[in-house]
Amino acid sequence: MDTNLFITNLIVGGLILLSFLKLSNVSKANQKANIYFGVFLFLWSTFWLDEILIPKHLEENIYVFIIIRCVQFLTPVAFYLSVIFYVNPSYKFKTTDILHIVLPLSLFTFLLFKNHIKISVFFILFTVIFLFNSLLYTVLAYYKINRHQKDIELFSSNKESIDLNWLKYIIYTFILSSLLIIFYNIFTNAESLNIYINLFFLTVVYLVAYFSIKQKEIYPTGFNISENNISQSVNKHINSSKNKLIDDSQLIFLKEKLLQIMQHQKPHLDSELNLIKLAELMQISGHQLSYVINTGFEENFFYFINKYRVIQAKTLLNNPQYDNLTIVAIGFDSGFNSKTAFNTTFKKITSYTPSAYRKMRSNL
């Protein structure tokens, strides 16, 4: 077995194994999303699987060719569906979702006429359709993830483990790999990918495995987004004077109650604090608490909580008694769950990194 074929086997084996793990849902988290992600991984593996299992003469059979290409064509669709359920586990398919079968049916119809179209023209049109489909669902998925990263600030105080950045890395990989393959096909006459491109994909596959298995449940227990995502629900009440979630006098009372809880109970020191946990302390619903923070303080949940964490961190950094503590230790003692989250949030709020802030204080 040559080296390139060995790497191809590793890629296919890794994707199929990870697909099995996702479909069997061993992590017991993000169940629907993992099912679609498992389907996506299996479909993705077919880009290498056909090289291993299907002889060249058999691939030239029109029916085999149509089946393989249609299956591969569905790969971006499966990825997009997995993203939909990662960002909204309660998503219900709508009538308009039937539009997702338009492009696959168009491709299927086009492939039926393969033998009636000049071969050079056929492959140009096929490539255009394939790339358009990939680009369309890549853009749609990217948009969903971006909106999700804004929405989670309304219910989570720490974003790193639930921001789905790793799915963005897959999108970047799609774009980079597409460019690599296009240039590779233009400037070489090879019939299969060379060892260096396959090594790149092998690295990507195992990084995807690491991050996808590591992904924890995104939404806290008790958090309901079945009707609308939280940002739409909150904004509906904020922008409608006739449909206030809480009247003005109650809003003033709840603002004061929240400030008292933050001052005396210091819930922000809990690195796992989310909207539901704080709402339980307030003895109100998550939507009511979100309304209080968004309307009463004109801030989102993430900024409101991390503002207190930064104040706590500044207190520790300003106190010589804590000079023996590392920056990481101060971050953890202030409620942050990682050094990256501490550095990023502290700098966003104060314009200084924690290290620079401590150094500035020591120079005074």
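This is a predicted model: local features need pLDDT of at least 70, side-chain atom pairs count only at pLDDT 80 or more; totals for chains, interfaces and linings use all residues.
Student: Is Ile98 buried or exposed?

Tutor: A residue counts as exposed when its relative accessible area is over 50%. Ile98 has a relative accessible area of 54%. Because that value passes the cut-off, Ile98 is exposed.

Student: How far apart should the ends of α5 be, and what is the distance in the model?

Tutor: Helix α5 has 13 residues, and at 1.5 Å a residue they should span 18 Å. That agrees with the model, where the end C-alpha atoms lie apart by 19 Å.

Student: How many of the residues of α5 are buried?

Tutor: Buried means a relative accessible area under 20%. The rest of the structure largely encloses α5, because the buried residues number 13 of the 13.

Student: How many aromatic pairs does the structure hold, and what kind is the pair of Tyr142 and Tyr172?

Tutor: The structure holds 36 aromatic pairs. For Tyr142 and Tyr172 the centres are 6.2 Å apart, with 55 degrees between the planes. Tyr142 belongs to helix α7 (residues 119-151) and Tyr172 to helix α8 (residues 165-187), so this pair links distant parts of the chain, 30 residues apart.

Student: Where is Ser351, and is Ser351 buried or exposed?

Tutor: Ser351 lies in the loop between α16 and α17. Its phi is near 75 degrees, a positive value in a residue other than glycine. With 56% relative accessibility, Ser351 is exposed.

Student: Asn30 has a positive phi as well; is Asn30 buried or exposed?

Tutor: Phi of Asn30 is near 50 degrees, and Asn30 is placed in the loop between α1 (3-24) and α2 (31-53). Its relative accessible area is 5%. Since buried means under 20%, Asn30 is buried.

Student: Over which ring does the charged end of Lys255 sit?

Tutor: The charged end of Lys255 is 5.2 Å from the centre of that ring. The ring is that of Phe297.

Student: How many salt bridges are there, and which residue does Glu272 meet in one?

Tutor: Searching the whole structure gives four salt bridges. The one with Glu272 has an N to O distance of 3.5 Å. Glu272 is in the loop between α11 (248-264) and α12 (275-282), and its partner is in the loop between α9 (195-214) and α10 (230-238), 56 residues apart. That partner is Lys216.

Student: In the salt bridge of Lys307 and Glu299, which residue counts as buried?

Tutor: The side chains of Lys307 and Glu299 meet at 3.2 Å, N to O. Lys307 counts as partly exposed at 23% relative accessibility. At 17%, the residue that counts as buried is Glu299.

Definitions and conventions: Residues are numbered from 1 along each chain as its sequence is written. Side-chain values use heavy atoms; hydrogens and water are left out. Buried means under 20% relative accessible area, exposed over 50%, partly exposed in between (1.4 Å probe, protein chains only). Rings of Phe, Tyr and Trp (its six-membered ring) pair if their centres lie within 6.5 Å; planes under 30 degrees apart count as stacked, over 60 as edge-to-face and the rest as tilted. Helices (H or I, at least four residues) and strands (E, at least two) are DSSP runs, numbered from the N terminus. A charge sits over a ring if NZ of Lys or CZ of Arg is within 6 Å of the ring centre and within 35 degrees of the ring normal. The expected span of a helix is 1.5 Å times one less than its number of residues.
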